[in-house]
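Try each task before reading its solution.

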Amino acid sequence: MDGDKKLRSAEWFGRKGKDGFIYRAWMRNQGIPDHEFSGKPIIGICNTWSELTPCNAHLRELAESVKRGVLEAGGYPLEFPVMSLGETLMKPTAMLFRNLASMDVEESIRANPLDGVVLLCGCDKTTPALLMGACSVDIPTIMVSGGPMLTGRYLNKSIATSDIWRFSEESRAGLMTQEQMYMAEASMCRSPGHCAVMGTASTMATMVEAMGLTLPHNAAIPAVDARRKVLAQLSGARIVDMVREDVKLSSLLTRKAFENAIMTNAAVGGSTNFIIHLLAIAGRMGVSLAIEDFESIEKNIPLLVNLQPSGEFFMEDFYYAGGLPAVMRNLKERLHGDAMTVTGRTMGENVAHAETHNDAIIAPLASPVKVDSGIWVLKGNLCENGAVLKPSAASPHLMRHRGPAFVFEDIEDFKARIDDPDLDVDENTILVLKNVGPKGYPGMPEVGNMGIPKKLLDRGITDMIRISDGRMSGTAFGTVVLHVSPEAATGSLFGLLETGDVITLDAIARTLNVELSQAVIDARRAMWKPSYPVSERGYAKLYQDHVQQAHLGADFDFLRGSSGDAVTRDSH
Ligand code: FES
Ligand code: MG
């Protein structure tokens with residue numbers, strides 16, 4: 001190794017006597033020769049490959065490219081699996097397991113003879129889970145995303161995940177048959193990769209690129225484009241040098257990196273889930289960041305990218321139009337150009353020569369796609385610690401609205417009644433869904449963009465104000481207020497809401513309030529009993545006992561911060 005710092009892995013493989021014997025002997029059963037152990041940076045490839053995480057099912061293959069890069073640069077790669085979180089199959093929600101996966105990642109990195117690590121991620125939760133875990137160890141780390149799917153094609157039209165919500169409403173309104181639904185389903189996911197719009201997976205891939213944790217273009221190269229493999233190989237080579245240069249996550253993840261991510265997220269119209277995950281990552285890194293900070297940081301950052309769900313195009317188009325470096329170059333007078341990145345250069349240097357090839361997809365700062373972007377943070381008596389709304393996905397006519405609440409106590413109540421022809425709602429009603437928060441569900445599922453009542457769909461109503469303590473898919477849209485904190489399950493005022501209560505949303509003033517007298521509130525609070533399922537054992541119990549509210553990133557209280565990379569005791 002260059003310099004005089006000893007490799008971390010030498011604490012295992014560089015030992016003499018019984019300990020060194022044991023650490024090396026069992027590795028040799030894989031046919032690893034002597035010289036691989038001596039003085040080479042050992043690079044872990046932390047893989048979320050799983051056939052149960054379809055978005056990440058190609059990551060074994062991508063890991064081979066990373067390995068080539070590591071070997072080429074004089075390191076030695078060792079691939080290891082961690083818990084994978086597939087958004088589509090996992091019940092009750094992949095979010096319930098984000099913190100668990102992060103613990104797996106943290107402990108796997110710390111306990112093993114690794115000098116650096118490459119995080120291979122893709123589907124929504126895999127990116128924050130891996131980064132949160134890695135932050136709590138803090139060895140040199142680089143991230144490689146699996147990349148988005150190719151755009152789907154249905155009836156010769158481009159489709160992707162955002163269309164599911166449209167198809168679902170159309171089929172409920174009788175405008176689409178089950179046969180057509182099957183055809184659309186078969187046409188949408190036609191290649192490896194994660195969701196092809198600026199949903200949560202692409203938002204997370206954008207976030208880590210904007211924070212300087214990936215090589216440029218990580219966010220948008222399609223999964224099946226050969227250049228994704230090139231990026232993986234170059235990342236493998238680069239991590240070896242990062243070990244030699246001792247570039248740790250803590251040297252990159254400064255407040256400036258977080259601010260760059262927040263500004264970039266506003267420019268690309270990223271998912272509301274961004275807020276939760278970034279807050280959790282900041283908590284691990286010990287960077288001070290509060291939900292109130294987001295708006296002041298992203299102020300004056302318009303929407304520059306015309307991608308679904310806020311706009312028209314798809315991730316594939318985004319890459320061909322110039323990808324994230326082009327957006328960041330357009331933002332360069334606002335971003336912290338001096339933030340350091342994994343390339344060993346600053347963000348400003350990385351994007352200095354980036355070009356836009358299609359300004360219908362990547363707009364210049366002077367003529368943005370939309371002026372209102374980012375994620376708005378609302379405050380009021382219904383959400384003392386905050387709630388969020390994505391203006392680029394909302395309807396302008398509902399941004400200032402006063403109306404009666406129609407309250408669903410939980411998701412079962414919602415499903416049982418939403419299509420009732422006698423439901424007492426009209427387009428001015430505000431739909432409220434309780435007990436879908438971190439503790440109340442548990443796990444804070446993506447149900448906040450609850451469907452419009454069938455009787456209103458039949459009248460052509462396509463948007464209403466919807467408020468919940470849950471999340472919504474990054475691919476969804478609508479005038480949807482999410483992440484209400486404190487959640488209903490804590491006995492907050494939100495939990496006390498009843499049908500008929502008058503709510504005022506003034507998104508322009510960033511307020512959300514209910515008109516209730518203190519006497520009524522006191523009377524309801526005296527009667528309130530928790531109505532959410534309480535877990536008595538296992539991980540769900542740990543989760544409910546320790547999860548923090550949404551405005552703190554829904555991480556466990558005991559996981560905030562870092563325990564470093566040192567392990568002083570041996571196992572034999
Ligand atoms: Fe995996 Fe959308 S379901 S990224
Ligand atoms: Mg999702």
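**Exercise 1.** Find which residues touch the most other members of the largest nonpolar core in this predicted model.

*Solution.* Start with the core itself, which has 176 residues. Within it, Val118, Val305 and Val481 touch the most other members. Next, look at the contributing elements: helix α12 (residues 273-285) gives the most to this core, with nine residues. As background, nonpolar side chains tend to be buried together in soluble globular proteins.

**Exercise 2.** List the contacts of Val305, leaving aside its neighbours within four places in sequence.

*Solution.* Take contact to mean C-beta atoms within 7 Å. Going along the chain, Val305 is then in contact with Ala267, Val268 and Gly269, then with Phe318 and Val327, and finally with Ile361, Ile362 and Val369.

**Exercise 3.** Explain why helix α15 (residues 323-330) is described as largely enclosed by the rest of the structure.

*Solution.* First apply the burial cut-off: 20 or more other C-beta atoms within 10 Å. The residues of α15 that pass are Gly323, Leu324, Pro325, Ala326, Val327, Met328, Arg329 and Asn330. That is eight of eight, so the helix is largely enclosed. Lastly, identify the partners: these buried residues pack against α8 (200-210), α11 (255-268), α14 (315-320) and α16 (347-351).

**Exercise 4.** Describe the span that UniProt lists as residues 40-350.

*Solution.* The unreviewed UniProt entry names this span "domain: Dihydroxy-acid/6-phosphogluconate dehydratase N-terminal". Its end C-alpha atoms lie 28 Å apart. For secondary structure, the span is 47% helix and 9% strand.

Conventions. Residues numbered from 1 in each chain as written. Chains lettered and ligands numbered in written order. Predicted model: local features only at pLDDT ≥ 70, side-chain atom pairs only at ≥ 80, totals over all residues. UniProt positions renumbered as here; feature names shortened; annotations may be inferred. Helix = DSSP H or I, 4+ residues; strand = E, 2+ residues; numbered from the N terminus. Core = buried A, V, L, I, M, F, W, Y, C linked by C-beta atoms within 7 Å. Buried ≥ 20, exposed ≤ 12 C-beta atoms within 10 Å, placed from the backbone. Contact = placed C-beta atoms within 7 Å.
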